[in-house]
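Have the structure up next to you as you read.

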Amino acid sequence: MASSSSSGKVEDLRLVNLVKDYSGVRAVDDISLTIPAGSFFALLGPSGCGKTTTLRIVAGLEDPTSGRVFIGEQDVTIKPPYQRPVNTVFQNYALFPHLTIHDNVAFGLKRRGEKDIETKVSDMLDLVELSDLARRKPAQLSGGQQQRVAVARALINQPDVLLLDEPLGALDLKLRRQMQIELKRIQVDVGTTFVHVTHDQEEAMTMADTVAVMNSGRIEQMGAPEEIYELPKTAFVANFLGQANLMEAEVVDRDGGQLVVQAYGNKWAIPTARAVQNEGQIIVGIRPEKLRIALGASADTEATNSIVGTVTDASFVGVSTQYLVRTPWGQELIAFEQNLAGGDRIRVGDEVSLTWEKSHSFGLAGHENVDAGVMDLSGAIAEAVTESS
Amino acid sequence: MAIALTPGVPIAPGGEAPPERVKRKGKTAYFLLIPGMAWLVFFFVIPLGSLFLTSLERPLGSGPSAGYESALRWQNYTEALSKYDTEFLRSFWYAGLATIVCLIISFPLAYFIAFRAGRWRNLLLVLIVAPFFCSFLIRTYAWKTILADDGFITTFANSLNLLPDDRILATPLAVVFGLVYNFLPFMVLPLYASLERIDPRLIEAAADLYARPWIGLQRVTIPLAMPGIVAGTLLTFIPATGDFINSQLLGSPRTRMIGNVIQTQFARDALPTAAALSFSLMAVILVVVFTYIRRAGTEELL
């Protein structure tokens, strides 16, 4: 039944033109991607972006409207879930409440009629450090322990692909950090392909080799975390993955490998290679930690890009201070300053200059909405409500 | 309880307030219990005791009309049971059969309503309860007409040679059918309540862990629905055992159940016999129910 997993070789997961419609609403919109065997892949996006639906299609819990799913050379698109070499760690774990931890973990092996179930289960419980709790019922375990049972229950079947649906969503922040490291360690140990669905960009970047940012059923951008963080290609990615200052500008000149843009009387430069378009209206982006903030007018406007403005808010967060700076044209920019000097040098109301390396700028298509992907308060509340339900 | 929670009550300073609050809370709770306890004492405990005393009375003359006097005549039990053992066993047989048929019909129905009905769910639940808007006597009379010898169901079944007795009415089939019909909602509703509480993700998790649908049903859905199955079978089996309406309206003297015997004995003033049979029935049901709950592993229902 699941011969491919018992043979021990790990297979690529390939999605080809995957589409899923729910009564007229397109949840997954033509997704094609290859997830290499043994990688830790994160599908990142806000709730309702289609990431969970994609995962459920891979698990076989949902049928795609069109498109195909391959594991290695095997087309599993029409296979029922119980015949796929894929296991899932469900959101809120879905542990069987009437079975002990031992029986939960043994469930998959028993269904496949494997041998040596006792040895395998005790080895797996050792791996997740739950051997002492084998005879307990799930309700008697803490959230973190239940989470590890869910991972053990799926992983013991040695699937080709392990699917994780918001696996850490129900844990508190500290435990979540711990489990992130734990999961990453387990993934490196067993070498199974992990596909991890999350709306937490930090979680995705911490754990995954490759992150795919999803929005409205499509993949907006895919790559190594540092790659897409440093060089986002869309406003949505720039805003959803971390924070970004996005300013509308117009390309006025080209100077070697650089675009010269003009915005509200300022002239800035962007490396041509870091801009998605090289003429007309453009959006200039810069990450808040790349901005240097200083009192008074800027010194060297030749080597760096700069803006002057007024500080409207300064929040001290320990390792850094987060400033909001209002530009002469009324936009509020975010700047992080690392806490090197100690003490609070700049106050609300101070005139400051923001400068940044030309090579740190990135350019996005001019027609984009600069607020795309910014998590507003109502969105955050909606997210919290969906999660708790 | 209500008094302690009233916002207007001032909270006394220092350590005196808590003990007083606890005391009040306790008193109020007992006070609220009075109507229910009084009802139970007057309409359950006293009649039960009186019934028990009746079951041991001795006849004054040769017939029931001669009257009875208080005694400890235990032979009433052995005499009644040996005389009516057929009806006794028949009651359990019919009720057991009806319970099993109810379960077989109700499980898929409740499953469908709980997991697949979507926006039709409430309508379907109303339809399950709808028969209660009409007296079950009237509904059973209606079935008498529908199942009559010249009715279309019997005629149709006969044309296919399906009926060994050439009729439905006045056969065990009609009585068991009537029991199934009348007690079906008592099976569907508890089953629905416990199926509805099952997280559909658990069923998905079973499929994800290589359980074919049939195995998933056995290993996950049915164990999790066990409280509903136990509650439903009890709510069906217990009243069906003592039922006399279905046998009286849809059956014949050959389908007499223990309920019919008790009713007849009471009607002809053979009170000790009727009381002894009632008590025996109650005792057997209690034993059956306790054994069943033990074996089903759902002690928390008690």
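Predicted model: local features only at pLDDT ≥ 70, side-chain atom pairs only at ≥ 80, totals over all residues.

**Entry 1**

**Entry 2: domains of chain A**
I looked up the domain assignment for chain A and found domain 1 at 3–230 and domain 2 at 237–365. Their C-alpha centres lie 39 Å apart. I then checked where they touch: six residues of domain 1 of chain A are in contact with four residues of domain 2 of chain A. On the domain 1 side, β10 and α8 (225–230) of chain A each supply at least two residues. I sorted that side by class and got three nonpolar, two polar and one charged residues.

**Entry 3: the open sheet in chain A**
In which order do the six strands of the open sheet run? I read β6-β7-β8-β3-β9-β10 in chain A, with mixed pairing. β6 (86–89) and β10 (218–223) of chain A stand at the edges with a single partner strand each, so one side of each has no neighbour in the sheet. From one strand to the next, the twist averages 20°.
β7 (161–165) and β8 (193–198) of chain A are parallel and share five bridges.

**Entry 4: two hairpins in chain A**
Next I went to β16 (304–316) and β17 (320–326) of chain A, which run antiparallel and are joined by six bridges. Asp313(A) is bridged to Leu324(A) of β17(A). This hairpin has three residues between its strands, and Gly318(A) takes a positive phi near 90°.
β17(A) is also joined to β18 (332–338) of chain A, again antiparallel, by seven bridges. Here the partner of Leu324(A) in β18(A) is Ile334(A).

**Entry 5: helix packing in chain B**
How do α8(B) and α10(B) pack against each other? Helix α8 (172–196) and helix α10 (213–242) of chain B meet at an angle of about 160°, and their axes are 7 Å apart. The cut-off for roughly antiparallel is over 145 degrees, and α8(B) and α10(B) therefore fall in that class. Their crossing is right-handed. Among the contact residues I picked out Phe183(B), Phe186(B) and Leu191(B) of α8(B), and Ile229(B), Gly232(B) and Leu235(B) of α10(B). The contact divides into 15 nonpolar, four polar and no charged residues.
α8(B) has a further contact, with helix α6 (136–146) of chain B, at an angle of about 140° and with axes 11 Å apart. This crossing is right-handed too. Phe136(B), Thr140(B) and Trp143(B) of α6(B) meet Gly178(B), Tyr181(B) and Asn182(B) of α8(B). By class, I wrote down three nonpolar, three polar and no charged residues.

**Entry 6: where chain B meets chain A**
Last, I looked at the contact between the chains, which takes 15 residues from chain B and 15 residues from chain A. On the chain B side, α9 (200–208) and α10 each supply at least two residues. Which element of chain B gives the most to this side? α9(B) does, with six residues. The chain B side has 10 nonpolar, no polar and five charged residues.

Definitions and conventions:
Residues numbered from 1 in each chain as written. Chains lettered and ligands numbered in written order. Pairing = 2+ DSSP bridges. Helix = DSSP H or I, 4+ residues; strand = E, 2+ residues; numbered from the N terminus. Axes fitted to C-alpha atoms, helices over the stretch in contact; angles between N-to-C directions. Parallel < 35°, antiparallel > 145°, perpendicular 65-115°, else oblique. Left-handed = near helix turned anticlockwise from the far one by under 90°. Contact = placed C-beta atoms within 7 Å. Nonpolar A, V, L, I, M, F, W, Y, C, P; charged D, E, K, R; others polar. Domains from an automatic or database assignment.
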